[in-house]
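Morning, everyone. I have a short tour for you today.

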Amino acid sequence: MPFFTSEQGKKILEANFKVLETEANILKAIAHPIRLAIVKGLLAEEGCNVSEMQDCLDIPQSTLSQHLARLREADILSSERNGLERNYYVVNKKAQQIIGVLSKFKLEK
């Protein structure tokens, strides 16, 4: 494999390390099935509040809050207060692209 054994491969890795690190962090953040479902759902609905997500996912509010916090820390989600509700939105373009690619795969039954 010339990429991994050549000096050129090493230079490419060094030059793009920050980008690769950012992409790896996005993948880590969405690697959990619940977080992946949250991001996919928010993209499909173009935003949603916590109550609706909790009803749909059928998980405790505290668990949902932990997953939302992890996605916010990764700069994948943003939120807006709307009266008493907080609505969440996917704001990370790379995460949107990754989900777009994943959505092209068909799940086998």
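This is a predicted model: local features need pLDDT of at least 70, side-chain atom pairs count only at pLDDT 80 or more; totals for chains, interfaces and linings use all residues.

How many disulfides does the structure hold? Take C48. C48 is in no disulfide. The nearest cysteine sulfur belongs to C56, 7.8 Å away. As a reminder, a disulfide is a covalent bond between the sulfur atoms of two cysteines.

Are these cysteines buried or exposed? C48 counts as buried, because its relative accessibility is 11%, and buried means under 20%. C56 counts as exposed, because its value is 65%, and exposed means over 50%.

Next, V50. Where does V50 lie? In helix α5, which covers residues 50–57. V50 is buried, because its relative accessible area is 18%, and the limit is under 20%. Now pair V50 with L27. In sequence, they are 23 residues apart. In space, they are 23 Å apart, C-alpha to C-alpha.

On to the backbone. Most residues other than glycine have a negative phi. Here are two with a positive one. First up is E46. Phi of E46 is near 55°, and E46 is not a glycine. Which loop holds E46? The loop between α4, residues 33–45, and β1, residues 48–49. E46 counts as exposed, because its relative accessibility is 66%.

Now D75. D75 has a positive phi too, of about 60°, and D75 is not a glycine either. Find D75 in the loop between α6, residues 61–73, and β2, residues 77–82. D75 counts as exposed, because its relative accessibility is 54%, and the cut-off is over 50%.

Last stop, the surface charge. Which residues form the negative surface patch? E45, E46, E52, D55, D58 and E85. You have met one of them already. E46, with its positive phi, is part of this negative patch. Find E46 in the loop between α4 and β1, and then pick out the other members, including E52 and E85.

Let me recap. C48 is buried, whereas C56 is exposed. E46 has a positive phi, and so does D75. Thanks, everyone.

Technical notes:
Residues are numbered from 1 along each chain as its sequence is written. Side-chain values use heavy atoms; hydrogens and water are left out. Patches are made of residues with over 30% relative accessible area and no salt bridge: like charges are joined within 9 Å, nonpolar side chains (Val, Leu, Ile, Met, Phe, Trp, Tyr) within 5 Å. Accessible areas come from the Shrake-Rupley method with a 1.4 Å probe; for residues, only the protein chains shown count as cover. A salt bridge is a side-chain nitrogen of Lys or Arg within 4 Å of a carboxyl oxygen of Asp or Glu. Lys and Arg count as positive and Asp and Glu as negative; His and the chain ends are not counted. The place of a charge is taken as NZ of Lys, CZ of Arg, CG of Asp or CD of Glu. Helices (H or I, at least four residues) and strands (E, at least two) are DSSP runs, numbered from the N terminus. Buried means under 20% relative accessible area, exposed over 50%, partly exposed in between (1.4 Å probe, protein chains only). A disulfide is a pair of cysteine sulfur atoms within 2.5 Å.
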